[in-house]
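Welcome! Please take a moment with the sequence and the 3D view before reading on; the report below walks through a few parts of the structure.

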Amino acid sequence: MMRYIKLVNFEINRFSKIYISLLLITLVSQLVGVIIGTKSFLNRALDIMLEEKISEAAYVTNYGGIDFTQIANSLWFQGPIALSAVALVFYIFLIWYRDWFGKNTFIYRLLMLPTSRLSIYLSKATAIFLMVLGLIALQIIILPMENALFNSYVPESLLNTEMSTSSIVKMNSVLNLVIPSTFTQFLLSYGIGLMAMSILFTAIMFERSFRIKGIILGLVFTGIAAALFLAPVFIMASESFYFYPNELFGIMTALGIIVTGLSIWLGSWLLKNRVTV
Amino acid sequence: MKRYICSIIIVMVVILSIGTYYVKVASSASDLPKYTFKTLEGSDKELDPVIINGTHQGNPIYEPLTIESNQTTYSSEKSYFENFSGIIDLEMEKLTKEYRSFMRGKDSIDSFYEDDDFLAYASVNEDFTKSGKKEAEFDIALLEKKSEDETSFNIELPDQERIMNTSIRDVQLIHSKLQVLTTNDVNSNDEKQTKEVHLYTIDLANKKVLSDKILLSESFKNPNQVELEIPIDVARIQPNNMILISLVKGIYHEDGPYEEKPNEGKLLSYNYETEKLETVKLPKKETDMVRGGKFDGKNLYVVDIKSNNYHIKTIDLSNQKITNDLELDLAVHKDEQYFATIKNGRVYFLLGNGTNQQDRAYKPAQLHIADLKTGKTLYKGETVIQSADQKKTKNHGFYIEEIIVQ
Amino acid sequence: MIEVKQISKKYGRKTILDGVSFTANKGEVTCLIGINGVGKTTTLKAIMGLTPYKGEILIDDQKMTNNSYEKITFIPDAPTMLPSMTVKQAMVFMEDFYTSWNPQRANQLMGFFKLKEETPISELSKGNTAKLNLMLGLSLDVDYVLMDEPFSGIDMFSREQIADVFASHLIEDRGVIITTHEIGDIEHLIDKVILLDNGKVLKEFNTEEMREDEGKSVVDVMREVYQS
């Protein structure tokens, strides 16, 4: 257990430079987005008000005011979220392959640690998952700050409405995806994320065990895992059987747990018995 | 310890921020205002069976809510499961609970028929073959309640080349034959549109369609419009010998609004037993109120807005006479929406949808409950908005969508 | 004792090991000899559980488990630590994960090899990398040490230094398996020789007995075996 925690910590430290960069990029880009977005709106509004000699109230009726949803839809705001997502998906692969390739073969050391191969597998999964949650946590922390900054910039007369953090999240499809609106939904979304990651990890283990043949095996495994998880949906779509919503939910939760367990077991088995360094 | 600082920070931040966020989200529903009825007259016990579905519009987020037995519940307060199962129709919920296996994969309450012995179901299933040809068939199912015998089969929809789409409006079981009443849109090659009411008679024992009778066929061209409506049945799935069909005509004015032409519409009744289709001759004043009316198989209840106060009129369809005229102690507001329903021998009448039409601000809706026979007012009340933070209610809107009585 | 029993290994259609069997005793230096590509490294990886194989390998009558890595260590010919680490960080890593890490021995070896703690691993020369590998492996209180080509591609002075370690108390009591394709100046260190070719054991013999009984050196035997 202690070695597993040490390994998680080790994996996090290894990625810390890129990770801190991602955090900083998100923070800076979104703050810049808030400032630029607000400024450009205010300048435009001011120009039009001067040109047409109208009051702020008249401007709002004619052209509409501003609220945080407009800021949250900008590239400045969503770009770093997309960048972080892509980086972490990419790192799912890199977290394994960087140990095999590159100048040093760290995989020798890793596999020769006096700890179960399962904890090596799990430590990498945990590290990535924690880093994903860390990014979400940062977004949750900076969102109210950005919102406060925005509200302090915009005069009340031009503001459509002062929004709460949770309503900003609800109104934005990207934010709503990464920060689900209820805790149950959060558990489900990130549970599915964990399952997907375990499937990918195991596909990578197939490749590392059987090389070219392993790529095919990995793809087949991914297909089977996805088919198993989505089986009730396919059954419904083929109209051969109808599940009540709560049954569908229950079956898919169970299947999700089974698929995740199965791929973790298979992945660590491959890492223990079949992987070649 | 220094080596662990990065991980410790991440774990702490993750737990604290995500934890706090969802705790706040979970408790935020309690910050939302509560809508309740303030009793002005009568006993608030009368409110127990009343369910009102509506939306709280707290700019810019809309929160669906239900006022049940005078308690506001936001859908965000309900558990994930409660929102997930998503059955809102009380009759469907009751059927699903009782006949779980039979009800599997079946929806739309109009497709069902229930008596003491049988539960019957009919729907039309439209599919496209690979060549792009449409194939429509009836899905028929019958449950014999005592023996729990289930029969289900498909039959081709007769004359389906002619028909664009079919929607089931009523299902009855008359002398062991299933009667399926549908409104159909007919395929056409020119501008002419045709809407029809069909009555399919299905022989359950031999699994075939015995007849396809066109009860009504109405053709029109743009900008004229025809709508075929079935006045809301207060007992949609129970045995009924009679069904009402309301034909509403209207016109799209060029660059203008849609206008209904109430005088050109008509109300028809069809009797499954006698197989007679008759035009219901209503007193002139009532014809335009038929759409908002309720029908219980024998009587038609309509709301009359032509007097000073709202009137609920009971029309006996066997002799087409007004048998009861109930005057509510409530003045007519022409520009206000109203909701009316008949249940438990009472009239439930809700005036206003909670929103002021001019400035979209909250405006109390008034609920009257009266005894249908005696006309005695049993309850009078109006909605009140209660919020922890009164300032916050300023920009809040409320919108009532429907009233249901259990 | 490490017992290798009838192990076989294929990479695709190519047979690397074909029924290899031998034993290596504690307190002895066993040398796997053969030209490149005859499966020397694969044999070591198989012993360490770093590659799947057919057959059986027992270490002190036990199969390999996670905890065996406290008792047996492998020193490959490439660095096994991240290039971004310093020598010190590599040592901390080892101490962190192995209970058999012996800090006194590590310090001794650091001094012996003249390695500096603050040097980043990426800046080490080939010879110093080999020394670092050796230092990390030998600082574990293990029973068996497996070394892959410890002398190849290293300058003369480093070779001497490494050879000195073999002669010292640092190796005493341990079972050592090394691979090499050139026996040269380490012949005197070796107790036992396994000659490998084409995935098979051609000959297994004790160097001292060979010298005393038949008067042949390892090189003599190699010549005999490989040229026949």
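## A first look at chain A

Along the sequence, chain A reads α-α-α-α-α-α-α-α-α-α. Its secondary structure amounts to ten helices and zero strands, where helices (H or I, at least four residues) and strands (E, at least two) are DSSP runs numbered from the N terminus. Please keep in mind that this is a predicted model, in which local features need pLDDT of at least 70 and side-chain atom pairs count only at pLDDT 80 or more, while totals for chains, interfaces and linings use all residues. Residues are numbered from 1 along each chain as its sequence is written, and chains are lettered from A and ligands numbered from 1 in the order in which they are written.

Chain A has a radius of gyration of 24 Å, well over the 19 Å that the globule rule gives for 277 residues, so chain A is more spread out than a compact globule. Here the radius is taken over C-alpha atoms, and the globule rule is 2.2 Å times the number of residues to the power 0.38. The C-alpha trace of chain A spans about 80 × 55 × 35 Å along its principal axes. Of the 277 residues in chain A, 37% are buried, meaning that 20 or more other C-beta atoms, placed from the backbone, lie within 10 Å of the residue's own.

## Two helices that cross

How do helix 1 and helix 2 of chain A pack? Helix 1 and helix 2 (residues 56–63) of chain A meet at an angle of about 110 degrees, and their axes are 10 Å apart. That makes helix 1 of chain A roughly perpendicular to helix 2 of chain A, a label for angles of 65 to 115 degrees. Axes are lines fitted to C-alpha atoms, for helices over the stretch in contact, and angles run from 0 to 180 degrees between N-to-C directions. Helix 1 of chain A contributes A:A45, A:I48 and A:M49 to the contact, and helix 2 of chain A contributes A:E56, A:Y59 and A:Y63. Two residues are in contact if their C-beta atoms, placed from the backbone, lie within 7 Å.

## Where the chains meet

Chains B and C, in turn, have no contact, and their closest C-alpha atoms lie 11 Å apart.

## Strands in chain B

In chain B, four strands form an open sheet in the order 5-6-7-8, with antiparallel pairing. Its edge strands are strand 5 (112–114) and strand 8 (149–156) of chain B, each pairing on one side only. From one strand to the next, the twist averages 15 degrees. Two strands pair if DSSP finds at least two bridges between them. Two such pairs are set out here.

| Strands of chain B | Bridges | Sense | Opposite residues |
|---|---|---|---|
| Strand 23 (residues 338–343) and strand 24 (residues 346–351) | six bridges | antiparallel | B:A340 and B:F349 |

Strand 23 and strand 24 of chain B form a hairpin with two residues between the strands, where B:N344 takes a positive phi near 55 degrees.

Methods:
Angles under 35 degrees count as roughly parallel, over 145 as roughly antiparallel, 65 to 115 as roughly perpendicular and the rest as oblique. A residue is buried if 20 or more other C-beta atoms lie within 10 Å of its own, exposed if 12 or fewer, and partly exposed in between; C-beta atoms are placed from the backbone.
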